[in-house]
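I opened this model to look up a helix, a core, a ligand shell and a strand residue. My notes follow in that order.

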Amino acid sequence: MSTAVRTDTAARVVDAVKVYGRGDTEVRALDGVSVDFAAGRFTAIMGPSGSGKSTLMHCAAGLDTLTSGSAFIGGTELSTLDDRRLTLLRRERIGFVFQAFNLIPTLTVAENITLPQDLAGARGDQEWTDALIDVVGLRDRLHHRPSELSGGQQQRVAVARAFAGRPDVVFADEPTGNLDSRSGEEVLRLLGRAVRQMDRTVVMVTHDPVAAAHADEVVFLADGRLVDRMQNPTAERVLDRLKAFDARGVRT
Ligand SMILES: Nc1ncnc2c1ncn2[C@@H]1O[C@H](COP(=O)(O)OP(=O)(O)OP(=O)(O)O)[C@@H](O)[C@H]1O
């Protein structure tokens with residue numbers, strides 16, 4: 001567990017444009033976004049509904065491709081990879097947490113956590129996995145199936161699974177969207193602990209200012225553009241900033 005401050009970039013997009021549809025139905029979901037996500041930091045992506053948050057995350061994580069511009073994981077530009085290498089990169093260097101926990105119902109908690117490495121034929125690091133299981137507080141549930149767990153516990157399994165292969169970056173898309181506020185708070189605290197105590201990197205899409213306040217930095221999108229960044233956010237400051245966008249409109 002390192003306390004050194006890192007200055008490298010885990011993921012970034014440069015001049016990212018994503019256009020869906022064409023002609024009358026064309027939507028510019030991303031309209032020239034450049035943003036870097038620093039390694040060893042917890043970054044939240046915020047903005048109104050339809051502002052491009054999920055599109056940005058999906059393109060930065062190689063789940064979708066940009067219309068123009070570039071997306072990098074570390075020093076690797078994603079558009080240079082063929083499908084097979086992109087799949088490998090996603091498996092080996094990126095972790096995901098989604099709103100719907102996406103656990104395999106027939107596997108136990110322990111099997112779900114190590115599934116990505118088992119699929120990759122990689123030998124897991126038992127010490128690391130053990131540490132993760134303790135951090136997420138699931139030691140006494142390891143042999144349970146997902147259906148025997150609460151929503152909050154299921155998401156904690158998904159969090160442990162996302163970090164199990166020590167990925168360069170974990171992308172979380174509305175990870176608390178299906179949880180009550182107490183379970184959501186626990187999941188957010190876990191993401192924060194993974195970053196601060198285990199030197200991990202998290203990029204989280206959220207529309208919730210309370211969730212965003214767990215991050216080290218918030219980037220704000222509006223109409224497919226990056227419109228602001230905020231260090232050391234509080235829920236109140238994030239909410240004020242969002243209200244200001246609403247009040248004056250942001251398209252320039
Ligand atoms: N597959 C698609 N086909 C067409 N348009 C799309 C597609 N995906 C997203 N869009 C459009 O792109 C814009 C940005 O969508 P996106 O889901 O990235 O926004 P968001 O900020 O994540 O929204 P929300 O907070 O509501 O989830 C929206 O106008 C949306 O309707």
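For burial I count a residue as buried if 20 or more other C-beta atoms lie within 10 Å of its own, and as exposed if 12 or fewer do. The model is predicted, and I read the entries below with that in mind.

Entry 1, helix α4. I looked up the helix that spans residues 126-136 and found Leu132, Ile133 and Val136 buried. Viewed down the axis of α4, the buried residues fall within an arc of 100°, so they line one face of the helix. An α-helix has 3.6 residues a turn, so residues three or four places apart point the same way. I then checked the other side of α4, where Glu127, Asp130 and Asp134 are exposed.

What covers the buried residues of α4? I found that the cover includes α5 (151-164) and α6 (181-198). I also noted what comes after α4: Gly137 follows, and its phi is positive, near 70°.

I looked up the largest nonpolar core, which has 65 residues. Ile45, Val159, Ala160 and Leu191 are the residues with the most contacts inside this core. The element that gives the most to it is α5, with 7 residues.

Setting aside neighbours within four places in sequence, I found Ala160 in contact with Ile113, Leu132, Ile133, Val136 and Leu138. Leu132, Ile133 and Val136 are the buried residues I had already noted in α4.

Which residues come nearest to the ligand? Of the 13 residues around it, I noted Tyr20, Ala29, Ser49, Ser54 and Thr55 as nearest. The elements that give two or more residues to the shell are β2 (27-38) and α1 (53-60). The largest share, 3 residues, comes from α1. I sorted the shell by class and got 3 nonpolar, 9 polar and 1 charged residues.

I located Val14 in strand β1, residues 9-20. Is Val14 buried, exposed or partly exposed? I have Val14 as partly exposed, because 15 other C-beta atoms lie within 10 Å. Not counting residues up to four places away in sequence, Val14 touches Ser34, Gly69 and Ser70. Last, I looked up the separation of Val14 and Thr106: they are 92 residues apart in sequence and 41 Å apart in space, C-alpha to C-alpha.

Key:
Residues numbered from 1 in each chain as written. Predicted model: local features only at pLDDT ≥ 70, side-chain atom pairs only at ≥ 80, totals over all residues. Helix = DSSP H or I, 4+ residues; strand = E, 2+ residues; numbered from the N terminus. Contact = placed C-beta atoms within 7 Å. Near = placed C-beta within 6 Å. Nonpolar A, V, L, I, M, F, W, Y, C, P; charged D, E, K, R; others polar. Arc of directions from axis to C-beta. Core = buried A, V, L, I, M, F, W, Y, C linked by C-beta atoms within 7 Å.
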